[in-house]
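Here's a quick briefing to read with the model open beside you. Take the topics in any order you like.

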Amino acid sequence: MVNASCPAVVIAAPASGSGKTTVATGLMGALRSAGRTVAPFKVGPDYIDPGYHSLAAGLPGRNLDAVMVGADRIGPLFRHGSRGCDIAVVEGVMGLFDGKIDMTGPGEASAEGSTARVAAMLGAPVILVVDARGHSQSLAAVLHGFSTFDASVRIGGVILNRVGSQRHEDVLRQACERVGVPVLGALPRMSELVVPSRHLGLITAVEHGGAATDAVEAMSALVSRFVDIEAVSALARSSVTAPQWSPENEVRTSEGSPVIAVAGGPAFTFGYTEHVELLRAAGADVAVFDPLRDGLPPGTAGVVLPGGFPEEHAAALSANELLLADIRAAAAQGLPIHAECAGLLYLARRLDGHAMAGVVDVDAEFGNTLTLGYRDAVALESSTLFDAGTRVTGHEFHRTKLVVGVEPAGTTRFGDVREAASAAWGWHRQSPDGRAAVREGFVQGGVHASYLHTHAAGNPESITRFVSAAVDYARV
């Protein structure tokens, strides 16, 4: 008999910018203060919100991304991340029904990866956060539409956010009552709770430091005061029957215990919790280091350079010359290096004019264009992570670009960049002239560097392969 899965609520909204993060983070903190053990989750590929969730809940923030890991893994990953918890709080992404947009065709939208789909997979009720500014009686029509649009999604209640006055709240409550949607809370407008943001969203909790803790505490106090925590707890449900995901069941344990150095600190904050869990399950001795100030851990046999905001810390990264030299020398000797996005920039010759490791023969610079979206990619070369021909779904999210002189690199002109390297990925992207072929990233010796973020839980074989390569490197 399968044990019952953890009760859950999904925090969603009609549109982005409604206050999901404030409410979800505050709810996690409020429930924790009330004595509940809270499992924090985020729908989609977001790396920033889970940092605030972790501060609020005291447990690692995790992602539920059906596009990246596959729909069949959502239930098992949920059970893994919520084991032993009293309640799970799942923050949605964008609007409730907003899903993946297919960029290989004429931009078709689908519900794949949407908050609604994940809520239905979990069998969990949705609490809709509504930005009350500009709303009055017409809110009833909005709630009626969201409640009836998809029969697989249950709207269990609404939290009114940014309410202007008591009179405003009274009118909104009447509108909700008219369509039978319970009001679970009404939050007043609180401008001091705005968390600083930058070009890719909120400033990460690690970078925001003590101010992030203060913001989370303020969110928690706000929700504790203005939201019916007991009603939320009573509403929580889930109906996942799939067995719990286990990292030990996903990878093959190596014959050695290689030291895998994983970059962390303020410049490298974009990583999934399951990545490190899988590395350890494969037999790796994971050592987290901060490239802003640390050297490579003793005995390092593999390096993971995840995403983050290195452009915000370029001068300090450049100043750690000993680490840059060590990584450059180790890469030349075949050290397995897995670099994604920020990691790719760190391996470049220069980042916005600051000297980097120089492992990959390109420069990187901050730009004005946001590159964002899922990519259905194929590995073009065998590497320490993937066999050639392996297909993965990844995600791009950056405003930087690679240049050689004045020409873009790491795209279809990759072959002109450096003969010793090969493109890591290929995919198709819609263009005005049809579908354009893209070649992106670098495979060079033991290095796999790319803008593409991947999720190890969706590609566990890459972890077995990487740790095995590290064992081989350590034996040399």
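Among contacts between residues at least 6 apart in sequence, 76% join residues at least 24 apart. Keep in mind that this is a predicted model. The protein is built from 16 helices and 24 strands, and 57% of its 476 residues count as buried.

**Helix 2**

- Helix 2 covers residues 49-57, and its buried residues are Asp 49, Pro 50, Tyr 52, His 53, Ala 56 and Ala 57.
- Those residues sit on the same side of helix 2, because they cover an arc of only 155° around the axis.

- The space in the second largest pocket comes to about 880 Å³.
- Its lining takes in 40 residues, and the ones nearest the pocket's centre are Thr 269, Phe 270, Gly 271, Tyr 272 and Thr 273.
- Helix 2 turns up here again, as one of the elements that give two or more residues to the lining.
- The others on that list are helix 8 (205-208), strand 12 (259-263), helix 12 (273-281), strand 14 (300-305), strand 15 (337-340) and helix 16 (460-475).
- Helix 12 supplies the largest share of the lining, with six residues.
- By residue type, the lining of this pocket splits into 20 nonpolar, 16 polar and four charged.

**Other salt bridges**

- How many salt bridges does a search of the whole structure find? The search turns up 18.
- Asp 131 and Arg 162 pair up through their side chains, with N and O 2.9 Å apart.
- That pair ties together parts that are 31 residues apart in sequence, since Asp 131 lies in strand 7 (residues 126-131) and Arg 162 in strand 8 (residues 155-163).
- Asp 131 is buried at 16% relative accessibility, while Arg 162 is partly exposed at 22%; the cut-off for buried is under 20%.
- Arg 349 forms a salt bridge with Asp 363, and the closest N and O atoms are 2.9 Å apart.
- Here the linked parts are 14 residues apart in sequence, because Arg 349 is in the loop between helix 15 (342-347) and strand 16 (350-351) and Asp 363 is in strand 18 (residues 363-379).
- Arg 349 is partly exposed, with a relative accessible area of 24%, whereas Asp 363 is buried at 13%.
- Arg 349 and Asp 363 also belong to a network of salt bridges that links them with Arg 350 and Asp 361.

- As a rule, most residues other than glycine have a negative phi.
- Met 94 has a positive phi, near 50°, and lies in the loop between strand 4 (87-91) and strand 5 (101-102).
- Cys 341 also has a positive phi, near 60°, and is found in the loop between strand 15 and helix 15.

**Gly 389 and its contacts**

- Gly 389 lies in the loop between strand 18 and strand 19 (391-404), and counts as partly exposed at 44% relative accessibility.
- Which residues does Gly 389 contact, leaving aside its neighbours within four places in sequence? They are Val 378 and Ala 379.
- Gly 389 and Val 378 are 11 residues apart along the chain, yet their C-alpha atoms are separated by 5.7 Å.

How values were computed. Residues numbered from 1 in each chain as written. Predicted model: local features only at pLDDT ≥ 70, side-chain atom pairs only at ≥ 80, totals over all residues. Heavy atoms only, no water. Buried < 20%, exposed > 50% of the residue type's maximum accessible area, 1.4 Å probe, protein only. Helix = DSSP H or I, 4+ residues; strand = E, 2+ residues; numbered from the N terminus. Arc of directions from axis to C-beta. 1 Å grid on protein atoms, 1.4 Å probe; cavity = no way out; pocket = protein on both sides within 12 Å on 5 of 7 lines; lining within 4 Å. Points joined across faces, edges and corners; volume = space filled by probe spheres on them. Nonpolar A, V, L, I, M, F, W, Y, C, P; charged D, E, K, R; others polar. Salt bridge = Lys/Arg side-chain N within 4 Å of Asp/Glu carboxyl O. Contact = heavy atoms within 4.5 Å.
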